[in-house]
Amino acid sequence: MKSLAISEIAAAVSGKAGFGGQVTDICTDTRTLTKDCLFVCVEGENFDGHSFAETALEKGARAVLCHKDTGCENQILVEDTRTALLTLAGYYRRLFPIPVAGVTGSVGKTTIKEMTHAVFSAKFKTLKTRGNLNNEIGLPLTLFQMDTDTEAAVIEMGMSALGEISRLSKAAAPTMGIISNIGVSHLEKLGSRENILKAKLELTDGMGDEAPLILNGDDKRLYNAKIQRPIYYYGINNKFCRFKAYDIESDETGSRFTLDFGCGEQRISLPVIGKHNIYNALAAFSAGFLISVEPEAAAAALRAYEPEGMRQRIRTMAEITFVEDCYNASPDSMKAALSALKELRAKRRIAVLGDMLELGETSLEGHRQTGIWAARFGVDAVLTIGEQSLKTAEAARGSGVKTVESFDGKDALAKRLLELMEPGDAVLFKASRGIKLEEILTVIYKELKV
């Protein structure tokens, strides 16, 4: 982080400070506090950072940002620290005249962020959102990682309600935006896909009038949205997209396709499977193209891409192909994962599916539809865990899946799966993060290694 004067910080956040000095970092947690940082007293439902203000100063913080009087001498008092943190991050980001891609969408935004970072990094030293720090606390902390040698950035923006992406975008000030799709991930809180579209389009609130928007042209809501700014569409089916994929191939090693970018073509190889990942790569390539990353360099970056965490990582053990996709789940991502499973060359395809959380009134239909998709995409066996996934099992059985079983516990499911699997099988693991489906994988891998 580039150092900031206390007076500069106070002016940026309309705060009061009766002392001087320089700040070289921003911290919100005393456990990871660095010397000469600004400690931001964040107040949450179960904690209050103001209680740690004195501790932060004792550990070496230069100042504390607070909206309650902490009694400390080196405090900058503001109306609300969360708002001030975003405001300060916005001020700091604007010290760097660099290209910034803002990324959001119902499904795929983290993968697009990772792929775009890979593409940008082929030419520029690029900052990216770490992990899932895509909210009103995490995004500012990412922006503060910009330094004098940062040449580009890729910033992910998440949301759960209207107005959130607007605030994030105004801080990040993207020079281009990417929206992956409009799904049902936030239907419980937003009520309709129209409201989800409205929320995602808040990405433009922090963008200049001429800053381009990169949209999935195969998503009807995005393609038909009335937007007054330069737009670049990417897709597979929509012939009017500027960036199009065709001649698609896939197997257990990954996916390959030819990318038509309007003034030329480039063959792309990805180490991941699924049509949804082709869309993600199209978005990343499009963003790179707009900041002059050469097509060959972008292709090389995508070829070297590695999935983050448990996002559709493919592993082969005992001649069985495992697809680890335990990070998150929604009806949209379930459909994409089951479709990708179909693309794998396998003797049999097995889907281990757990509950999708936070779907609200759409949960019943979402789980039922998942069972239907399992049958439609040729899954031979479905094993479920979780109360809501009983509806998935029921629908899969009714739609013709040969083997369908449900389990109350992970140990029982793991035991049954070990009995069921054979060399040549492909097995998908997919559920919401809260289900912790990877715990079953840990048992399976341990047994197969013996």
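Biologist: Which residues does Ser180 touch, not counting residues up to four places away in sequence?

Modeller: In this predicted model, Ser180 touches Thr104, Gly105, Ser106, Val107, Lys109, Ile112, Asn216, Leu222 and Tyr234. Ser180 sits in the loop between β10 (176-179) and α7 (187-190).

Biologist: Why is Ser180 called buried?

Modeller: The cut-off for buried is under 20% relative accessible area. Ser180 has 2%, so the residue counts as buried.

Biologist: What makes Glu319 exposed?

Modeller: Exposed means over 50%. Glu319 has a relative accessible area of 62%, and therefore counts as exposed. Glu319 lies in the loop between β16 (313-317) and β17 (320-325).

Biologist: Why is Ser292 called partly exposed?

Modeller: The label applies between the two cut-offs, under 20% for buried and over 50% for exposed. Ser292 is at 44% relative accessibility, so partly exposed is the term. Ser292 belongs to the loop between α10 (275-290) and α11 (295-303).

Biologist: What is the phi of Ser292, and what is that of Glu319?

Modeller: Ser292 has a positive phi of about 70 degrees, and Glu319 has a positive phi of about 65 degrees. Most residues other than glycine have a negative phi.

Biologist: Where does Ala318 lie, and what phi does Ala318 take?

Modeller: Ala318 is in the hairpin of β16 and β17, which has two residues between the strands, and takes a positive phi near 55 degrees.

Biologist: How do you know that β16 and β17 pair?

Modeller: Pairing requires at least two bridges. β16 and β17 have five, in the antiparallel sense. Arg313 stands opposite Glu324 in β17.

Biologist: In which sense do β17 and β21 pair, and over how many bridges?

Modeller: The sense is parallel, and β17 and β21 pair over five bridges. Thr321 stands opposite Ala426 in β21.

Biologist: What makes β3 (25-27) and β6 (75-77) edge strands?

Modeller: Four strands form an open sheet in the order β3-β4-β5-β6, with parallel pairing. β3 and β6 each have a single partner strand, so one side of each is left without a neighbour in the sheet. The twist averages 25 degrees from one strand to the next.

Biologist: How do you know that β5 (residues 63-66) pairs with β6?

Modeller: Three bridges join β5 to β6, against a requirement of at least two. The two strands run parallel, and Leu65 stands opposite Ile76 in β6.

Biologist: Which residues of helix α15 (residues 410-420) are buried, and why are they said to be on the same side?

Modeller: Leu413, Ala414, Leu417 and Leu420 are buried. They cover an arc of only 125 degrees around the axis, which puts them on the same side of α15. An α-helix has 3.6 residues a turn, so residues three or four places apart point the same way. The buried residues of α15 pack against β18 (349-354), β19 (381-385), β20 (403-407), β21 (426-430) and α16 (438-449).

Biologist: What does the face of α15 turned away from its buried side carry?

Modeller: That face carries the exposed residues Asp411, Lys415 and Glu419.

Methods
Residues are numbered from 1 along each chain as its sequence is written. This is a predicted model: local features need pLDDT of at least 70, side-chain atom pairs count only at pLDDT 80 or more; totals for chains, interfaces and linings use all residues. Side-chain values use heavy atoms; hydrogens and water are left out. Buried means under 20% relative accessible area, exposed over 50%, partly exposed in between (1.4 Å probe, protein chains only). Contact means heavy atoms within 4.5 Å. The arc is that of the directions from the helix axis to the C-beta atoms. Axes are lines fitted to C-alpha atoms, for helices over the stretch in contact, and angles run from 0 to 180 degrees between N-to-C directions.
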